[in-house]
Amino acid sequence: WMSKFSFLPPVITDLIPFWKDFGDVIKDAKHYYSPGQTVEVTFYSGNPRNDLMTDDTFLTVEMKVGSGQWKVVRNDAALDTRFFWSDKTLWSEARITWDIGPEVSPGVYRIRHFGHYKPLFGSAKSYNGASREFVVTTP
């Protein structure tokens, strides 16, 4: 008997610069980090209201475990990750941060962003993007 109700207007469309794709990196990770530092990556993003990802995630932190193999070590449910979405004048951005704790193993990592964008006509479409690979060193 209860339906979803929102005071927010519906998403009409998501826009990005014509030479970019959703999921492209705007501000990338640095090359090296140590425990105690924070990784920050910003992506071109669709509005998170296009899909609330209740059975999925807006982000993963992944560790390289073999040649071309990646293992998810964090997602948006982790207390040391954050997902910030902001609506700019002509496009949206997703800023993802990861606070590297002392328990984090040294290695090669990357941050990935997942979402959905809404074209002017049609239904929302999925996209994803990844940061550059970066190294977490011992303190």
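Trainee: How far apart are the mean positions of the positive and negative charges of the protein?

Mentor: In this predicted model, there are 16 positive and 16 negative charges, and their mean positions are 2 Å apart.

Trainee: Which elements make up the secondary structure of the protein?

Mentor: You will find 10 strands and zero helices. Read from the N terminus, the order is β-β-β-β-β-β-β-β-β-β. The C-alpha atoms fill a box of roughly 50 × 40 × 25 Å along the principal axes.

Trainee: How do I read a strand? Where do its side chains go?

Mentor: The general idea is that side chains alternate between the two faces of the sheet in a regular strand. Now take a case here. Strand S3 covers residues 38-45, and six of its eight residues are buried.

Trainee: Which strands pair with S3, and in which sense?

Mentor: S3 pairs with strand S1 (residues 25-27) in the antiparallel sense, over two bridges. S3 also pairs with strand S7 (residues 92-99), again antiparallel, over eight bridges.

Trainee: What share of the residues in the protein is buried?

Mentor: Of the 139 residues, 39% are buried, meaning that they have under 20% relative accessible area.

Trainee: How many residues has the largest nonpolar core, and which elements give two or more residues to it?

Mentor: That core has 16 residues, and Val39, Trp98, Ile100, Tyr109, Ile111, Phe134 and Val136 have the most contacts inside it. The elements giving two or more residues to this core are S3, S4 (59-66), S7, S8 and S10 (134-136).

Trainee: What is Trp98 in contact with?

Mentor: Leaving aside neighbours within four places in sequence, the partners of Trp98 include Val39, Val61, Arg74, Asp80, Tyr109, Ile111, Phe134 and Val136.

Trainee: How do I read contacts across the sequence in general? What share joins residues at least 24 apart?

Mentor: Among contacts between residues at least 6 apart in sequence, 61% join residues at least 24 apart.

Trainee: Where does Tyr117 lie, and which residues does Tyr117 touch?

Mentor: Tyr117 lies in strand S8, residues 107-117. Not counting residues up to four places away in sequence, Tyr117 touches Asp14, Phe22, Gly46, Asn50, Ala124, Lys125, Ser126 and Tyr127. As a last exercise, find Trp85: Tyr117 and Trp85 are 32 residues apart in sequence, and their C-alpha atoms are 13 Å apart in space.

How values were computed:
Residues numbered from 1 in each chain as written. Predicted model: local features only at pLDDT ≥ 70, side-chain atom pairs only at ≥ 80, totals over all residues. Heavy atoms only, no water. Helix = DSSP H or I, 4+ residues; strand = E, 2+ residues; numbered from the N terminus. Buried < 20%, exposed > 50% of the residue type's maximum accessible area, 1.4 Å probe, protein only. Contact = heavy atoms within 4.5 Å. Lys, Arg positive; Asp, Glu negative; His and termini not counted. Charge placed at Lys NZ, Arg CZ, Asp CG, Glu CD. Pairing = 2+ DSSP bridges. Core = buried A, V, L, I, M, F, W, Y, C linked by side-chain atoms within 4.5 Å.
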